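Reader: I would like to learn how to read a structure of this kind. Please take one feature at a time.

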Amino acid sequence: MQNSAGKSAGPTVYVCTTCKRAGEPDSEPRPGALLAAATERAAAGTEVDVRRLRCLANCTRGPSAAMRCNGSWTYVFGGLDAACAEALIDGARLLAGAADGILPWRGRPEILKRGLIARVPPIDFFEGTDE
């Protein structure tokens, strides 16, 4: 779903298509590509936009995906597989409903608790200090 400026109006899940588990031999299709396809199927009929990309630089804990919404924090997850597709969509929808832009712990699918790699603040984030 895109708004008039061409930006995603809902949550977006980015899936690395070149990912594989560390130590596994190269094979086609890559596990990341299988995750991307499964995530696209899981997103059908929802407001979640799924975008494929070539690398999230999380090679030691792949396959990987990230999620964000306009104004939210961005979350990067690893150790995923095609069976995690529905959890990614559920998590993206949960993030989209979070008023503070932070993915709630409560209700978060278990793989999105165990597989969290990083949480990155929005580009315009500023946290005041007590100094």
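Author: Start with accessibility. A residue is called buried under 20% relative accessible area, exposed over 50%, and partly exposed in between, with a 1.4 Å probe and protein chains only. Accessible areas come from the Shrake-Rupley method with a 1.4 Å probe, and for residues only the protein chains shown count as cover. Arg-52, with a relative accessible area of 43%, is therefore partly exposed. The model is predicted, so local features need pLDDT of at least 70 and side-chain atom pairs count only at pLDDT 80 or more, while totals for chains, interfaces and linings use all residues. Residues are numbered from 1 along each chain as its sequence is written, and side-chain values use heavy atoms, with hydrogens and water left out.

Reader: What share of the 131 residues counts as buried?

Author: For the protein, 42% of the 131 residues count as buried. Its accessible surface comes to about 7400 Å², and 52% of that belongs to carbon and sulfur atoms.

Reader: How are helices and strands assigned, and how many of each does the protein have?

Author: Both are DSSP runs, numbered from the N terminus: helices are H or I with at least four residues, strands are E with at least two. Here there are three helices and five strands. Read from the N terminus on, the order of elements is β-α-β-β-β-α-α-β. The radius of gyration is 15 Å, close to the 14 Å that the globule rule gives for 131 residues, so the protein is as compact as a globular protein of that length. That radius is taken over C-alpha atoms, and the globule rule is 2.2 Å times the number of residues to the power 0.38. Along the principal axes, the C-alpha atoms fill a box of roughly 50 × 40 × 30 Å.

Reader: In what order do the five strands stand in the sheet?

Author: Pairing comes first: two strands pair if DSSP finds at least two bridges between them. In this model the five strands form an open sheet in the order β2-β1-β3-β4-β5, with mixed pairing. β2 and β5 are at the edges and have a single partner strand each, so one side of each lacks a neighbour in the sheet. From one strand to the next, the twist averages 20°. For such angles, axes are lines fitted to C-alpha atoms, for helices over the stretch in contact, and angles run from 0 to 180 degrees between N-to-C directions.

Reader: How many bridges join β3 to β4?

Author: Three bridges join β3 (residues 65-68) to β4 (residues 74-77), and the two strands run antiparallel. On to β5 (residues 116-120): β4 pairs with β5 over four bridges in the antiparallel sense. There, Thr-74 is opposite Val-120, and Val-76 is opposite Ala-118.

Reader: Which strands does α2 lie across?

Author: Contact means heavy atoms within 4.5 Å. α2 lies across β1, β2, β3 and β4, and runs at about 25° to β3. α1 lies across β1 (12-16) and β2, at about 165° to β2. Of the contacts with a separation of 6 or more, 63% come from residues 24 or more positions apart.

Reader: How many salt bridges does a search of the whole structure find?

Author: A salt bridge is a side-chain nitrogen of Lys or Arg within 4 Å of a carboxyl oxygen of Asp or Glu. The search finds three. One joins Glu-40 to Arg-52, with the closest N and O atoms 2.9 Å apart. This pair links distant parts of the chain, Glu-40 in α1 (residues 31-43) and Arg-52 in β2 (residues 49-53), 12 residues apart. Another joins Glu-47 to Arg-93, at 3.2 Å between the closest N and O atoms. Glu-47 is in the loop between α1 and β2 and Arg-93 is in α2 (residues 85-96), 46 residues apart. Asp-49 and Arg-51 also meet through their side chains, at 2.8 Å from N to O.

Reader: Is Asp-49 buried or exposed?

Author: Asp-49 has 16% relative accessibility, so it counts as buried.
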